[in-house]
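Open the model in your viewer and keep the selection panel at hand. The tour goes from one selection to the next.

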Amino acid sequence: MALDDLYREVILDHYAHPRNRGRLEPNDVAMEGANPLCGDELVLYLRLQDGRVEGVSFEGHGCSISQASASMMTEAIKGKTLDEARALVASFKGMMRGEEPGDEMGDLAALQGVRKFPVRVKCATLPWISLEQGLDEYSARR
Ligand code: ZN
């Protein structure tokens, strides 16, 4: 199977069977994000404990890329420290700018094909921006 096809399957699987979808209660962060260009909307929920992402989920609707990216992101950051989560945001943004994904990206590497479609980069990045803003807001509150 060609790598592009494999990546497409990973994305479609997350879109069809989103992980960690739904409202998370109780939560420490509920961050809304929107990409008006495409009509993607989401709310990212985080429960943070002892400096780690103890729980994470998302709600919302939008294109396959935004939904799959959110689903993959929740899997990738669950259990991570806040610093690790931030590092992953930076790596993801870097990948979207054209950097080669490192091993830490795992399945997220499937989204690198999105780079070929500049309007879709915003879709893929939306949940990550919400994560970054949510962590910033949480840090500012403490
Ligand atoms: Zn979209």
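Predicted model: local features only at pLDDT ≥ 70, side-chain atom pairs only at ≥ 80, totals over all residues.

Start by selecting the zinc ion and its protein donors: Cys38 (SG), Asp40 (OD), Asp40 (OD), Cys63 (SG) and Cys123 (SG). These donors lie 2.2 to 2.7 Å from the zinc ion. Along the chain, the donors follow the spacing C-x1-D-x22-C-x59-C. Within the site, Asp40 and Cys63 link distant parts of the chain, being 23 residues apart. Asp40 is in strand S2, while Cys63 is in the loop between S3 and helix H2 (64–77). Both Asp40 and Cys63 are buried.

Next, select residues 40–49, which are strand S2, together with residues 52–61, which are strand S3. The two strands run antiparallel and are joined by 9 bridges. Which residue stands opposite Glu41 in S3? Zoom in on His61, which takes that place. Then go to the turn of the hairpin, where 2 residues sit between S2 and S3. Asp50, in this turn, has a positive phi of about 50 degrees.

For the last stop, select helix H4 (residues 118–141) and pick out Thr125 within it. Is Thr125 buried or exposed? Thr125 counts as buried because its relative accessibility is 11%, below the 20% cut-off. Finally, show Phe92 and Met96, which are in contact with Thr125 when its neighbours within four places in sequence are left aside.

Note on methods. Residues numbered from 1 in each chain as written. Heavy atoms only, no water. Pairing = 2+ DSSP bridges. Helix = DSSP H or I, 4+ residues; strand = E, 2+ residues; numbered from the N terminus. Buried < 20%, exposed > 50% of the residue type's maximum accessible area, 1.4 Å probe, protein only. Contact = heavy atoms within 4.5 Å. Donors = N, O, S within 2.8 Å, 3.2 Å for Na, K, Ca; no water.
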